[in-house]
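The following exercises are to be worked with the sequence and the coordinates at hand. Each task is followed by a solution in steps.

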Amino acid sequence: MLLTLTTTHRPATDLGFLLHKHPDRVQRFGLPFGAAHVVYPEASPERCTAALVLDVDPVGLVRRGHGSTAFALAEYVNDRPYVASSLMSVALVTVFKSAMSGQCRTHPELAATAIGLEARLPTVPARGGEALVRRLFEPLGYAVDVQSIGLDEQHPEWGDSRHVGLRLTAAVRLADLLTHLYVLLPVLDDDKHYWVDQTEIDKLLHRGGDWLPGHPEKELITRRYLKHEASLFHPALDRLEASAVDPAAQEDPEGALEERVLLRDQRLGTVRAALKASGARRVLDLGCGPGALLRLLVQDGYDEVVGVDVSSRALEIAARRLRLDELHDDRRDRIRLLQSPLTYRDKRLRGFDAAALVEVIEHLDPPRLAAAEVNVFADAQPATVIVTTPNAEYNPRWETLPAGRFRHPDHRFEWTREQFAAWSAGVGSRHGYRVRHVPIGPEDREVGPPTQMAVFER
Amino acid sequence: MRIDVPDPSLVVLVGASGSGKSTFARRHFLATEVLSSDACRGLVADDPNDQSATEDAFAVLEFIAARRLAQPRLTVVDATNVQRPSRRRLVQLAQAHDLFPVAIVLDLSEAVCRARNRGRPDRDFGPHVVRGQRTQLHRSLRGLQKEGFRRTWVLDSPDQTEAVELVRSPLWTDRRADPGPFDVIGDVHGCHAELVSLLGELGWAVASDGLSAAPPGGRRAVFVGDYVDRGPASGEVLELIMRLAADGHALCLPGNHDAKLVRKLKGRDVRLTHGLAETLDQLGRAPTGLRDRARDFLDGLVSHAVLDGGRLVVAHAGLKEAYHGRSSGRVRDFALYGDTTGEADELGLPVRNDWAQDYRGTAAVVYGHTPVAEPRWTNQTINIDTGCVFGGRLTALRWPERELVSVPAAREYFAPARPLFTLPPGIDPDRGPSTLDVEDVAGKRIVQTRLARTVTVREEQAAVALEVMSRFAVDPRWLVYLPPTMAPTATSQRSGLLEHPEQALAEYRAAGVARVVCQEKHMGSRAIVVVCADSDVAAERFGVTDGSAGVVVTRTGRPFFDDAALMSGVVERVRSAVTSAGRWDALSTRWLVLDCELMPWSAKAIELLRRQYAAVGAAAAAGLTATARTLEQAAGRGQDVGELLGRTRARADHVEGYRDAYRRYVWPVDGIDDLRLAPFHVLAAEGGVFVDRDHSWHLDQCDALVDAAPDWLQRTGRRYVDVTDPAGQDEAVAWWEQLTAAGGEGMVVKPLGFAERGAKGLVQPGVKCRGREYLRIIYGPEYADPAQLDRLRGRNLGRKRSLAVREFALGVEALERFVRREPLHRVHECVFSVLALESDAVDPRL
């Protein structure tokens with residue numbers, strides 16, 4: 001990976017003083033993941049270019065324990081050795097430490113002066129594309145030139161890579177240019193090679209202290225730089241190619257929008273009310289996920305609340321959020337979590353008064369829904385069953401949801417009101433339950449409510 | 001005195017302090033069989049005489065006793081037990097485990113007790129203690145039987161205690177020592193003519209009066225009960241079975257009708273319904289004495305029988321596993337009346353829980369009671385009451401042959417309350433939509449396999465598999481197989497190579513395998529194809545009733561295609577190839593499981609190729625090109641960058657090699673015509689699992705399919721090699737070099753016999769030798785750089801190889817269980833375990 005810094009400020013070779021690297025010498029610096037070299041491909045009074053060449057050892061990088069993704073071989077087949085990411089930031093702060101802090105004993109005034117500078121990076125991983133590159137650098141006064149990189153010239157139909165070639169030009173202090181790159185390259189990449197901790201916050205405040213507060217994208221920069229809390233990545237699941245659907249996101253994928261947060265709260269509130277109204281003493285939350293509903297139900301004085309989910313990760317999060325290991329014995333006896341899939345019969349689910357399935361059935365393949373139906377209504381047989389599911393007719397009302405798409409990538413189906421009513425009626429007659437339907441969320445005259453709920457009673 | 005203790009049972013010793021209970025227990029029982037309250041006091045309070053710890057001590061004692069009785073094992077409680085409340089808890093404990101409590105009372109004189117206590121410094125309590133205990137004991141003696149003790153023995157002198165001969169007798173239900181062979185016969189209900197004719201069918205010589213018979217070759221009859229009521233000749237049936245029992249030719253179990261008749265004959269007030277009136281008429285016409293003999297005979301029948309080393313259990317209405325070999329009121333109720341809920345249905349018939357559906361025991365349970373149209377094995381249980389008296393048939397099950405033999409009823413003697421044909425014909429009740437229980441898969445399990453003995457799945461592996469299986473896999477009824485992982489060959493030391501065929505050939509040679517097959521490794525994705533001749537076969541054999549007639553799944557059990565039309569299109573093409581190749585008849589089957597590779601890889605992995613492989617290639621090429629150009633410029637200025645530039649150019653070459661490597665896996669797929677399927681194993685069909693055929697048979701079968709659809713099915717290239725023949729090996733290596741030089745993925749070397757054994761059990765079912773170029777997309781673009789390659793040689797294959805063998809054994813076991821028509825949960829257990837093992841942390845590059 002490569003960074004070149006060019007100046008036309010005369011005499012251009014003063015760049016060597018600013019960088020503390022002599023233009024006629026090749027210098028090498030050892031780094032934890034390989035080596036950095038500084039060379040000058042051109043050095044004349046009119047124009048001088050310094051190149052920082054990172055020689056990353058791919059095998060060494062793997063052995064350092066790089067994070068991972070759903071792709072099992074991602075540790076071995078990845079772009080890290082070839083792109084300007086956080087590794088470049090580490091190299092910058094190692095090789096150009098003094099320059100970055102604006103120190104220059106021989107030319108202190110030059111270091112404090114904005115001079116004509118150009119930075120080029122042939123491959124920058126840019127999550128967010130050219131638009132984000134511009135939003136990050138243009139407010140800082142750079143002229144931005146972005147070159148797209150095709151994924152494969154033999155497969156033009158595949159389009160462009162998420163990597164871009166980047167050229168930034170501005171009249172700027174060298175220290176500022178280096179600092180901006182130091183902070184913003186990892187932000188563009190959005191994937192650090194090391195784990196984030198408290199020292200990262202200090203680093204960000206140190207490096208971005210004077211320009212970040214005024215940057216229009218400061219929130220995005222901060223969020224991405226301090227890449228949120230340890231991921232929920234689960235290596236064993238990913239070896240089985242389970243597309244890593246983050247359980248926290250599952251809770252409400254559409255949660256970004258205020259009205260959808262509101263809808264989620266209304267949904268949980270409505271289910272909570274229906275459970276109270278049923279007079280149940282012992283309740284099941286089937287498909288409890290990370291425990292959004294459980295947190296409400298534990299306040300409602302039930303004799304027993306049992307959260308059931310197939311995902312052990314979701315249950316771990318739920319246990320943490322419910323602070324299960326800190327509860328006093330009398331409260332702890334009233335809440336339990338069980339790993340169980342609805343598609344397998346489970347005797348432990350028998351004998352409850354009520355069960356809630358909140359946004360669960362749409363995550364089951366239609367052929368497996370029949371098994372879940374029998375297991376819930378014929379085997380577990382709670383007196384009351386509450387089922388909520390999206391109303392597909394409402395989807396066009398979500399402006400941000402592309403037409404024809406489901407609300408969540410893991411949804412196997414989304415039903416219209418008629419489809420849900422037909423299924424509910426069938427379940428009722430097959431298993432001896434009365435059914436009533438309750439809308440959740442603002443009811444649209446034409447397409448109905450965003451969420452539909454059925455209450456089954458035996 | 002002879003004390004005859006039922007084994008297992010709960011033996012309660014009763015006696016004052018100093019009466020010699022512990023000595024008695026030591027003499028007659030194993031130390032581990034005796035639970036002493038003093039010892040338990042010691043366990044919880046460090047002092048065997050600390051009376052304040054009594055409550056905790058008994059909690060420990062009862063806990064251990066409960067676990068022993070659950071096993072079940074004979075258990076002796078050594079405590080004074082002179083108070084009724086403490087005995088009641090023990091009686092309840094025995095009853096909760098459906099075993100008999102028995103009491104042995106040591107009623108020795110106060111003088112004897114006190115003399116013994118005097119010899120023990122830790123028993124310095126006053127004389128009132130022993131006196132009090134003896135008083136309580138005497139108050140209890142008369143009522144022990146009433147308290148629930150099945151037997152009691154009282155020993156009242158040291159001499160008598162000394163002279164005790166203690167023997168253990170198996171419970172009446174325990175006939176495990178009796179190996180058979182048996183003819184288990186269903187509900188007769190007075191159908192004497194049919195019984196005679198069935199015995200004849202079974203090879204018995206029946207006397208002309210039909211009242212006695214001689215069995216063929218040491219066989220014995222086991223009757224499931226209900227000899228009387230509704231049929232025309234209950235008296236004759238009773239005469240015959242009593243005679244057979246008396247002659248040692250039959251074992252008779254009681255049915256609910258028989259129990260009701262006994263109550264009537266004992267003079268109880270019983271309603272004369274369900275054919276009892278007719279039975280009484282028939283008995284009234286029979287020779288005198290039959291009524292009394294029948295009463296005594298039927299009254300003495302034992303609830304159920306455990307036979308043939310515990311492999312066979314017979315009970316009138318079936319029996320859940322927890323009750324096998326046990327005795328109690330509720331065990332008898334279950335055996336006679338079934339698992340009733342106490343509710344009645346719209347016809348007034350009792351609503352039953354489906355204990356057979358939940359049954360997971362290994363013993364076969366044969367029963368009757370509720371007439372069925374067709375006897376059918378469900379989870380190792382079978383109901384052989386085929387409703388003879390209702391005009392159906394009288395059926396026998398031959399054990400251990402498991403053959404069914406039946407004769408039709410001469411006529412309908414009684415109209416059934418509901419039609420016998422209640423199940424839709426052809427649908428296997430074991431394969432309904434909801435027959436899998438979470439207990440069938442969750443938690444740690446040890447799976448018995450024929451090929452590799454036991455395979456253990458850890459709890460956390462099962463937890464991961466549970467999530468994946470339930471969220472992503474196809475309907476489990478289709479999932480009769482998952483393929484094993486495959487280890488690479490031992491690492492080659494040849495320059496520039498990580499893998500080479502010579503190690504694979506040497507491995508099999510060293511394991512004593514003479515002939516191997518080298519198969520071309522296809523450049524696609526693993527696909528397991530289940531194909532049925534039509535959707536009726538899918539319904540009958542797999543229980544899938546949605547109209548589909550096959551499925552294609554990935555190596556982790558997911559649907560290969562999201563698009564149902566594409567899925568059925570692919571299945572249809574395979575089906576028509578099987579049909580044109582005449583394989584249905586050749587293999588005498590209506591369904592097949594094929595192991596295949598589906599090309600191109602990009603059909604399944606286009607997103608991975610685009611987002612991961614191509615993106616890395618594009619970034620690397622752009623970065624390295626720019627770097628090389630910059631360094632060339634610097635070199636032009638006379639800077640000393642020669643080595644760095646050389647390395648950068650070499651890296652750029654590796655990256656180009658890597659891009660070429662993944663590009664070979666890509667071709668455009670616009671529809672089914674662009675796909676290619678390469679079958680290489682014909683895994684199973686109705687007639688069996690073809691692990692007993694060698695790979696040349698499998699490949700010949702596959703070639704026949706390819707010949708039937710040459711434009712769409714792809715042949716698997718192969719070389720057969722004698723591993724002791726240098727020329728043949730050279731030829732195979734040359735072939736591998738040719739394949740991989742052209743960018744091919746490499747080859748798989750397998751022992752010619754499908755499942756061959758070496759000195760240490762199964763040899764690897766196959767090892768892969770992957771090509772140098774292909775490995776770029778596994779180990780990373782620059783892995784072939786000599787410095788990197790040396791570091792990569794230190795890879796450890798042990799875990800992968802061990803997994804490969806265990807998963808192979810599990811996959812074969814799944815198919816064998818399916819072919820044997822074992823219940824779904826037994827097949828699923830194996831498939832699930834393959835998935836669970838695959839969650840293990842193994843280097844994904846192997």
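The exercises below concern a predicted model and proceed from the chain contacts to the cores, a sheet and selected backbone features.

**Exercise 1. Describe the contact between chain A and chain B.**

Step 1. Count the residues on each side: 61 residues of chain A are in contact with 56 residues of chain B.

Step 2. Find the element of chain A that gives the largest share of its side. Helix H16 (residues 366–380) of chain A does so, with 7 residues.

Step 3. Sort the side of chain A by class.

**Exercise 2. State the domain assignment of chain A and the separation of the domain centres.**

Step 1. Read the bounds: domain 1 of chain A covers 2–235, and domain 2 covers 248–457.

Step 2. Take the centres over C-alpha atoms; those of domain 1 and domain 2 of chain A are separated by 47 Å.

**Exercise 3. Identify the largest nonpolar core and the residues with the most contacts inside it.**

Step 1. The largest nonpolar core has 205 residues. Its largest share, 16 residues, is supplied by helix H21 (residues 601–636) of chain B.

Step 2. The residues with the most contacts inside this core are B:Val531, B:Val593, B:Val749, B:Leu815 and B:Val831.

Step 3. Examine B:Val749, leaving aside residues up to four places away in sequence. Its contacts include B:Pro501, B:Ala504, B:Leu505 and B:Tyr508, as well as B:Val516, B:Cys518 and B:Val767.

Step 4. Another core, of 67 residues, lies apart from the largest one; B:Leu240, B:Met242, B:Ala315 and B:Trp399 are among its members.

**Exercise 4. Determine the strand order of the 5-stranded open sheet of chain B and the helices that lie across its strands.**

Step 1. The order is E24-E35-E32-E25-E31, with mixed pairing.

Step 2. At the edges are strand E24 (487–488) and strand E31 (718–722) of chain B, each of which pairs on one side only.

Step 3. Strand E25 (residues 515–520) of chain B runs antiparallel to E31(B), and 5 bridges join the two. Within this pair, B:Val516 stands opposite B:Val721.

Step 4. Helix H17 (residues 501–510) of chain B lies across E25, E31, strand E32 (746–751) and strand E35 (767–770), at about 5° to E32(B). Helix H24 (residues 726–741) of chain B also lies across E25, E31, E32 and E35, but runs at about 150° to E31(B).

**Exercise 5. Are B:Asp46 and B:Arg821, two non-glycine residues with positive phi, buried, partly exposed or exposed?**

Step 1. B:Asp46 has phi near 60° and sits in the loop between helix H2 (37–45) and helix H3 (54–70) of chain B. B:Asp46 has 9 C-beta neighbours inside 10 Å and therefore counts as exposed.

Step 2. B:Arg821 has a phi of about 60° and occupies the loop between helix H27 (798–819) and helix H28 (824–838) of chain B. Because 15 other C-beta atoms lie within 10 Å, B:Arg821 is classed as partly exposed.

Key. Residues are numbered from 1 along each chain as its sequence is written. Chains are lettered from A and ligands numbered from 1 in the order in which they are written. This is a predicted model: local features need pLDDT of at least 70, side-chain atom pairs count only at pLDDT 80 or more; totals for chains, interfaces and linings use all residues. Two residues are in contact if their C-beta atoms, placed from the backbone, lie within 7 Å. Helices (H or I, at least four residues) and strands (E, at least two) are DSSP runs, numbered from the N terminus. A nonpolar core is a set of buried Ala, Val, Leu, Ile, Met, Phe, Trp, Tyr and Cys residues joined through C-beta atoms within 7 Å. A residue is buried if 20 or more other C-beta atoms lie within 10 Å of its own, exposed if 12 or fewer, and partly exposed in between; C-beta atoms are placed from the backbone. Domain bounds come from an automatic or database domain assignment. Two strands pair if DSSP finds at least two bridges between them. Axes are lines fitted to C-alpha atoms, for helices over the stretch in contact, and angles run from 0 to 180 degrees between N-to-C directions.
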